[in-house]
Amino acid sequence: MTNLIDVEGYPSDPKKQKPYHELECPVLPQIQEEVMLWVKQNTDFFSTKSEAFWHKISGGSMGRACPTLMSYMKSIKTPLREIAVGVLTDTMKDDGLLLHIGSPLLQAKINFPIHNLEDVYTEWYDVPVSKMNELGIRPDWNSDSMIYKLYKIHKTVSRDYPCITRYNMIDKPIVFNSWIAHRVIPGKSAKYPRIMLATMPMYEPRHLLNK
Ligand SMILES: [Fe+2]
């Protein structure tokens with residue numbers, strides 16, 4: 001049977017590719033400071049409890065406010081196409097960010113830990129593509145593409161499928177493999193809003209995800 005989403009290399013094979021790759025970033029504290037200042041001046045993340053995790057932002061606006069981010073991206077030769085802020089609010093404290101997989105249009109983002117990072121975990125699961133086909137597909141709100149309906153097995157995935165990694169992103173940016181099913185789960189002592197920055201590179205550094 002052909003897969004419902006028939007794209008070469010999608011989803012990612014966890015035997016061949018890693019869920020994430022850590023990048024060295026000595027300027028992370030400055031990036032965090034600049035992004036937090038931008039967030040406080042330009043958003044209401046601290047006063048409202050949005051039920052949406054992703055907030056697309058104007059790259060121009062954040063770029064001007066976060067010169068260290070821009071110079072870091074330049075230093076790793078990865079110009080940006082788009083930036084989004086991911087915010088976990090306490091309305092999400094029970095379920096976290098539901099199990100999902102990135103659209104076939106984007107595999108390797110670079111994610112930065114920004115604020116309230118303790119006790120929040122990204123979990124990647126080895127869900128076979130045959131199971132994803134059985135779950136079906138839906139339009140993705142963040143792209144013009146279709147994605148698998150993995151939210152249907154959010155509550156049971158840890159019982160039924162192997163967890164590849166449970167990762168607390170805290171002191172390094174990572175190349176993030178969105179083509180493996182994943183969810184974000186806060187622990188009991190997590191603080192809110194937990195903020196991360198996702199950058200969509202012009203040229204994806206997919207090779208860094210190879211095992
Ligand atoms: Fe994701």
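This is a predicted model: local features need pLDDT of at least 70, side-chain atom pairs count only at pLDDT 80 or more; totals for chains, interfaces and linings use all residues.

Residues are numbered from 1 along each chain as its sequence is written.

Overall dimensions, then. A compact globule with 211 residues would have a radius of gyration near 17 Å, and the chain agrees, with 17 Å. That radius is taken over C-alpha atoms, and the globule rule is 2.2 Å times the number of residues to the power 0.38. Along the principal axes, the C-alpha atoms fill a box of roughly 50 × 35 × 30 Å. Of the contacts with a separation of 6 or more, 90% are between residues 24 or more positions apart; a contact means C-beta atoms, placed from the backbone, within 7 Å.

For secondary structure, the chain has five helices and 12 strands. These are DSSP runs numbered from the N terminus, helices being H or I with at least four residues and strands E with at least two.

Now the sheets. Two strands count as paired if DSSP finds at least two bridges between them. Axes are lines fitted to C-alpha atoms, for helices over the stretch in contact, and angles run from 0 to 180 degrees between N-to-C directions.

Within that sheet, strand 2 (residues 54–57) pairs with strand 3 over four antiparallel bridges. Ile57 has Ile83 as its bridge partner, and Lys56 stands opposite Ala84. Strand 3 also pairs with strand 12, antiparallel, over eight bridges; there Gly86 is partnered by Met196.

The other sheet I want to show is open too, with four strands in the order 4-11-6-9 and antiparallel pairing. Its edges are strand 4 (97–100) and strand 9 (163–167), each with a single partner strand, so one side of each is left without a neighbour. The twist averages 20° from one strand to the next. Strand 6 (residues 120–125) is joined to strand 9 by four bridges, and Thr122 is opposite Tyr167.

On to the cores. A nonpolar core is a set of buried Ala, Val, Leu, Ile, Met, Phe, Trp, Tyr and Cys residues joined through C-beta atoms within 7 Å. The largest has 31 residues, and Ile31, Val35, Val175 and Leu197 have the most contacts inside it. Helix 1 gives the most to this core, with five residues. A second, separate core of 14 residues includes Ile101, Ile147, Val157 and Ile180.

Last, Pro201, which lies in strand 12 (residues 194–201). Pro201 is buried, because 20 other C-beta atoms lie within 10 Å. The cut-offs are 20 or more for buried, 12 or fewer for exposed, and partly exposed in between, with C-beta atoms placed from the backbone. Not counting residues up to four places away in sequence, Pro201 touches Thr78, Leu80, Arg81 and Ile110.

Notes: Two residues are in contact if their C-beta atoms, placed from the backbone, lie within 7 Å.
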